[in-house]
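Please find below a short note on side-chain contacts, written for a colleague who is new to reading structures. The points may be followed with the structure open.

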Amino acid sequence: MALKRGLSISGANKNRSGGGGSSLPILLVIFFCVLSPLIFFVGRGLNITSSPADQNNDNDNDNAVGSGKQQLDWRERLALQHVKPLFSKEVIDVITSSTADLGPLSLDSFRKNKLSASWKVIGGETLVDNKAASETNQTVTVVKQEASKGKGDNISEDNSQSGDTPAKLARRQLREKRREKRVAELLQQDDEATARLENAAIERSKLVDGAVLGKYSIWRKEMDSENSDSTVRLMRDQMIMARVYLSIAKMKNKHDLLLELQTHLKGSQRALGESSADSDLHPSAPGKLKAMGQVLSKAREQLYDCKLVTGKLRAMLQTADEQVRSLKKQSTFLSQLAAKTVPNGIHCLSMRLTIDYYLLPLEKRKFPRSENLENPNLYHYALFSDNVLAASVVVNSTIMNAKDSSKHVFHLVTDKLNFGAMNMWFLLNPPGKATIHVENVDEFKWLNSSYCPVLRQLESAAMKEYYFKANHPTSLTSGSSNLKYRNPKYLSMLNHLRFYLPQVYPKLDKILFLDDDIVVQKDLTKLWSVDLNGKVNGAVETCGESFHRFDKYLNFSNPHIARHFDPSACGWAYGMNVFDLKVWKKKDITGIYHKWQNMNEDRVLWKLGTLPPGLITFYNLTYPLQKSWHVLGLGYNPSIDRSEIENAAVVHYNGNMKPWLELAMTKYRPYWTKYIKYDHPYLRNCNLSE
């Protein structure tokens, strides 16, 4: 032990001194005199007792503070008592750093174990230092010295203890500082981790739109939504949850709650009715809403099961999805059906005009200026239609926007059913100074099944089977694909007559083809001066990044199509097309059309229609016009920019929502109706109005 070593060293020195042993006490006295003040002041600074009396004082002080409180560290005591040590901080640190390895002989050990400086260490009992974990396994046995056996031994013992204690204490303090620093770092890391978790939770909570949840939650008592249909939506949500709890109540044999839910569900259904806005609700709706909320709260307390509710809602969602798909099919079917029907007013107009036409004498059935029909220096238009009112809009809008109407010639072709009506209308309403001529497609004797593949195919048994037999259902529950291609326009030669323009007008060099569902808004005479660069067809392209390209219209799985055409080639639109009939004849465009039409007898290259064969026939023979010449989509696209429509030379109502039908888009209809005089006697008699 350290104390014993100090004594043995002292004895050895005494033996070596021999006869001069008297010098040793002098040295010890000098050493004691020098070191005693140091021990005194350090002890006072550290507030460590060195005698039983001082020990008793410390015990009294501790009791005064209160039982159960831990003793304050010497640094804390120093701060609390405002004791100003004799030595500076640097001197104390040097002294304490040299006595930190004394273990149970340190000043802290004496202080904490209530030992005075007169106690002697001989080994045995364990002392635990609460501040130094590395010293926890040291054991010493302490017994009280009964009598002092010699002054020299006491002096050596005191010197050894007082010299070793500061160094051990300093090292222990350094270890404590390092430990405290490490603990602080760990605490800081824990704080940072906690802060990160809190921030992540906050960010996740921001992703949930609490406002929306509040507005549409069926458990919410108050409704803060400013929407005009907030009550309607809440009632519908309540009815959905009521149906969920109805099935659960039935499953769990909750008959009373089942009856209560059924009663309130019927009441909510009656109050809601067909309302789509809060203003349409029955006056009893607020009361029904409150009552249903109370019943749902009761049902939630008794029946709520997350798995069951989720399963029921999922089943209801699947059923609703199937109903939506079925309704979409029905809607498409009905829109196709409406698109191919003729409104009663237009049918009435055609019948009245036809009757009056055949009542006219023959000499009054002729149009003036027939000499202009084959003049290649004039502006010629081709219009093929069986709709009198639509044809009148095309002619009127073209003439009203033309700079010189006398140079415009309109070639109208219709079927025999509407031939009289078309003639009678333009005899009664001549287009100013423009020339007009009406022909009957059934009188084109050269257009027969031996020459025209389409007519030959229409007479085949396979085509009759496709169009007229019951193998292709037309009920509301069936798909719309069959009905779409069974539209009469695909059977009418008026639709395919566009491939025979040189045969119909052999004396003309250039002609502008117009559909009957367009409106002309600007003078079109500049189109005749457009250089087509040797191409046959001048048209506006319709392709975007990935739509309206050849692969949408043609079957590229067929080797004939894949070998001759590019699937990414840009499509173009019929409706307003400039045709160079001279180049047409040189390229034998009609012969190309016949070739591909014969190959498609079984409809393996494309479905029915005129655009797919047009794309094939005029492949690499179409000159792209500026898009402002022809704006499409007014029959199906509700998001066309208004400025684009107003700046267009021609607007096209392609699609099912034709402007003369009730399903037309109201925002686009005025562009068409402005060219109709609804105060005309024939229109009034047939109840045709805006």
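The numbered points that follow concern aromatic pairs, charges over rings and salt bridges.

1. The model under discussion is predicted. A search of the whole structure finds 23 aromatic pairs. A pair of aromatic rings is described by the distance of the centres and the angle of the planes.

2. One of these pairs is formed by Tyr 500 and Tyr 593. Their ring centres are 6.0 Å apart and the planes stand at 90°, so the pair is edge-to-face. Tyr 500 belongs to the loop between helix H20 (493–496) and helix H21 (501–504), whereas Tyr 593 belongs to helix H25 (residues 589–599); the two are 93 residues apart, and the pair thus links distant parts of the chain. Both tyrosines are buried.

3. Phe 565 and Trp 596 form a tilted pair, with 5.3 Å from centre to centre and 55° between the planes. Phe 565 lies in the loop between helix H23 (559–564) and strand E9 (576–580) and Trp 596 lies in helix H25, so this pair ties together parts that are 31 residues apart in sequence. Phe 565 and Trp 596 are both buried.

4. Aromatic residues also form a cluster. Ring pairs link Phe 384, Phe 513, Trp 572, Tyr 574, Phe 579, Trp 584 and Phe 618.

5. The charged end of Arg 300 sits over the ring of Tyr 304, at 5.6 Å from the ring centre. Likewise, the charged end of Arg 365 sits over the ring of Tyr 357, at 5.0 Å from the centre.

6. The structure holds eight salt bridges. One of them joins Glu 260 and Lys 298, with the closest N and O atoms 3.2 Å apart. Glu 260 is in helix H10 (residues 255–272) and Lys 298 is in helix H11 (residues 285–303), 38 residues apart. Glu 260 is partly exposed, at 26% relative accessible area, and Lys 298 is partly exposed at 35%.

7. Arg 498 is in the loop between H20 and H21, and Asp 515 is in the loop between strand E6 (510–514) and strand E7 (518–520), 17 residues apart.

8. Lys 582 and Asp 509 form a further salt bridge, their closest N and O atoms being 3.8 Å apart. Lys 582 is in helix H24 (residues 581–587) and Asp 509 is in the loop between H21 and E6, 73 residues apart. Lys 582 is partly exposed, with a relative accessible area of 46%; Asp 509 is partly exposed at 30%.

Notes. Residues are numbered from 1 along each chain as its sequence is written. This is a predicted model: local features need pLDDT of at least 70, side-chain atom pairs count only at pLDDT 80 or more; totals for chains, interfaces and linings use all residues. Side-chain values use heavy atoms; hydrogens and water are left out. Rings of Phe, Tyr and Trp (its six-membered ring) pair if their centres lie within 6.5 Å; planes under 30 degrees apart count as stacked, over 60 as edge-to-face and the rest as tilted. Helices (H or I, at least four residues) and strands (E, at least two) are DSSP runs, numbered from the N terminus. Buried means under 20% relative accessible area, exposed over 50%, partly exposed in between (1.4 Å probe, protein chains only). A charge sits over a ring if NZ of Lys or CZ of Arg is within 6 Å of the ring centre and within 35 degrees of the ring normal. A salt bridge is a side-chain nitrogen of Lys or Arg within 4 Å of a carboxyl oxygen of Asp or Glu.
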